[in-house]
Amino acid sequence: MPIMNQQVAGHAFLRPLYADPYFPDQVVDKGRAVLLRLCERIEAERPSDLAALYVLTQAATEEFNLLETEFEAAGSEIETVAREEIAEDFGFVASAYGFTDADVEELIATREW
(Lines give C-alpha, C1' and ligand atoms only; values in the text may rest on other atoms or scores of the structure.)
Protein backbone atom coordinates (compact mmCIF):
# COMPACT_ATOMS: atom_id res chain seq x y z
CA MET A 1 0.00 0.00 0.00
CA PRO A 2 1.59 3.30 -1.01
CA ILE A 3 1.85 6.04 1.61
CA MET A 4 -0.69 8.76 0.86
CA ASN A 5 0.64 11.40 3.26
CA GLN A 6 3.05 13.40 1.08
CA GLN A 7 5.04 14.69 4.06
CA VAL A 8 5.72 11.09 5.11
CA ALA A 9 6.26 9.81 1.56
CA GLY A 10 9.05 12.34 1.08
CA HIS A 11 10.73 11.74 4.44
CA ALA A 12 14.12 10.00 4.61
CA PHE A 13 13.62 7.78 7.65
CA LEU A 14 16.69 6.99 9.74
CA ARG A 15 18.96 9.07 7.47
CA PRO A 16 21.77 9.55 10.06
CA LEU A 17 21.95 5.79 10.61
CA TYR A 18 22.48 5.19 6.91
CA ALA A 19 25.26 7.80 6.94
CA ASP A 20 27.13 6.06 9.77
CA PRO A 21 28.97 2.83 8.83
CA TYR A 22 28.51 1.55 12.41
CA PHE A 23 24.89 0.80 11.53
CA PRO A 24 24.56 -1.92 8.86
CA ASP A 25 22.29 -0.78 6.03
CA GLN A 26 20.53 -4.13 5.78
CA VAL A 27 19.36 -3.84 9.40
CA VAL A 28 18.57 -0.13 9.11
CA ASP A 29 16.45 -1.05 6.06
CA LYS A 30 14.39 -3.29 8.35
CA GLY A 31 13.92 -0.42 10.80
CA ARG A 32 12.84 1.86 7.97
CA ALA A 33 10.35 -0.82 6.90
CA VAL A 34 8.93 -0.89 10.45
CA LEU A 35 8.32 2.86 10.29
CA LEU A 36 6.73 2.64 6.84
CA ARG A 37 4.43 -0.19 8.00
CA LEU A 38 3.47 2.00 10.96
CA CYS A 39 2.50 4.78 8.53
CA GLU A 40 0.48 2.32 6.46
CA ARG A 41 -1.35 1.15 9.58
CA ILE A 42 -2.08 4.72 10.64
CA GLU A 43 -3.50 5.47 7.20
CA ALA A 44 -5.54 2.25 7.13
CA GLU A 45 -6.83 2.33 10.71
CA ARG A 46 -7.04 6.12 11.18
CA PRO A 47 -6.61 6.23 14.98
CA SER A 48 -9.08 8.68 16.44
CA ASP A 49 -7.08 9.71 19.50
CA LEU A 50 -3.68 9.47 21.14
CA ALA A 51 -4.53 6.24 22.95
CA ALA A 52 -5.28 4.53 19.63
CA LEU A 53 -2.11 5.98 18.09
CA TYR A 54 -0.01 4.75 21.03
CA VAL A 55 -1.27 1.20 20.47
CA LEU A 56 0.08 1.34 16.91
CA THR A 57 3.37 3.03 17.73
CA GLN A 58 4.09 0.74 20.65
CA ALA A 59 3.52 -2.31 18.44
CA ALA A 60 6.03 -0.86 15.98
CA THR A 61 8.43 -0.21 18.87
CA GLU A 62 8.24 -3.90 19.75
CA GLU A 63 9.35 -4.67 16.19
CA PHE A 64 12.41 -2.47 16.81
CA ASN A 65 13.03 -4.44 20.01
CA LEU A 66 13.35 -7.57 17.88
CA LEU A 67 15.83 -5.83 15.57
CA GLU A 68 18.28 -5.34 18.44
CA THR A 69 19.46 -8.93 17.99
CA GLU A 70 20.10 -8.32 14.30
CA PHE A 71 22.06 -5.15 15.06
CA GLU A 72 24.17 -7.09 17.57
CA ALA A 73 24.77 -9.95 15.13
CA ALA A 74 26.08 -7.39 12.65
CA GLY A 75 28.46 -5.87 15.23
CA SER A 76 26.25 -2.90 16.06
CA GLU A 77 23.53 -2.01 18.53
CA ILE A 78 20.68 0.39 19.10
CA GLU A 79 22.71 2.85 21.15
CA THR A 80 22.33 6.56 21.89
CA VAL A 81 22.50 7.87 18.31
CA ALA A 82 20.12 5.20 17.04
CA ARG A 83 17.73 5.60 19.98
CA GLU A 84 17.48 9.33 19.42
CA GLU A 85 16.98 9.00 15.66
CA ILE A 86 14.34 6.28 16.01
CA ALA A 87 12.48 8.31 18.64
CA GLU A 88 12.67 11.41 16.46
CA ASP A 89 11.17 9.54 13.52
CA PHE A 90 8.33 8.23 15.68
CA GLY A 91 7.66 11.83 16.71
CA PHE A 92 7.77 12.92 13.07
CA VAL A 93 5.21 10.25 12.13
CA ALA A 94 2.85 11.29 14.91
CA SER A 95 3.10 14.94 13.94
CA ALA A 96 2.71 14.24 10.21
CA TYR A 97 -0.59 12.51 10.93
CA GLY A 98 -1.89 15.38 13.05
CA PHE A 99 -0.94 14.15 16.52
CA THR A 100 1.23 17.13 17.35
CA ASP A 101 0.64 16.72 21.09
CA ALA A 102 1.89 13.11 21.18
CA ASP A 103 4.47 12.34 23.86
CA VAL A 104 7.49 10.74 22.19
CA GLU A 105 8.27 8.69 25.30
CA GLU A 106 4.73 7.31 25.23
CA LEU A 107 4.99 6.60 21.50
CA ILE A 108 7.93 4.28 22.21
CA ALA A 109 7.00 3.24 25.76
CA THR A 110 7.51 -0.47 25.00
CA ARG A 111 11.13 0.00 23.92
CA GLU A 112 13.87 -2.20 25.34
CA TRP A 113 16.71 -0.15 23.83
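1. A salt bridge here needs a side-chain nitrogen of Lys or Arg within 4 Å of a carboxyl oxygen of Asp or Glu.

2. Before you go on, please note that this is a predicted model, in which local features need pLDDT of at least 70 and side-chain atom pairs count only at pLDDT 80 or more, while totals for chains, interfaces and linings use all residues. Residues are numbered from 1 along each chain as its sequence is written, and side-chain values use heavy atoms, with hydrogens and water left out.

3. Where does Glu-43 sit? Glu-43 is found in helix 3, residues 25-45; helices are DSSP runs of H or I with at least four residues, numbered from the N terminus. A polar atom of the Glu-43 side chain lies 2.9 Å from the backbone nitrogen of Met-4.

4. The surroundings of Glu-43 are worth a look too. Leaving aside residues up to four places away in sequence, Glu-43 touches Met-1, Pro-2, Ile-3, Met-4, Asn-5 and Tyr-97, where contact means heavy atoms within 4.5 Å.

5. Now for the charged pairs that do meet: the salt bridges come to four. One of them joins the side chains of Lys-30 and Glu-70, at 2.5 Å from N to O. Lys-30 lies in helix 3 and Glu-70 in helix 4 (residues 50-73), so this pair ties together parts that are 40 residues apart in sequence. Lys-30 is partly exposed, at 39% relative accessible area, and Glu-70 is partly exposed as well, at 31%.

6. Another salt bridge links the side chains of Arg-37 and Glu-63, with 2.4 Å from N to O. Because Arg-37 lies in helix 3 and Glu-63 in helix 4, the pair ties together parts that are 26 residues apart in sequence. Arg-37 counts as partly exposed at 36% relative accessibility, and Glu-63 is partly exposed with a relative accessible area of 30%.

7. Arg-111 and Glu-105 also form a salt bridge, their closest N and O atoms being 3.5 Å apart. Arg-111 is partly exposed at 31% relative accessibility, and Glu-105 is partly exposed at 46%.

Technical notes
Helix = DSSP H or I, 4+ residues; strand = E, 2+ residues; numbered from the N terminus. Polar contact = N/O pair within 3.5 Å; in protein donor to acceptor, adjacent residues only side chain to side chain. Buried < 20%, exposed > 50% of the residue type's maximum accessible area, 1.4 Å probe, protein only.
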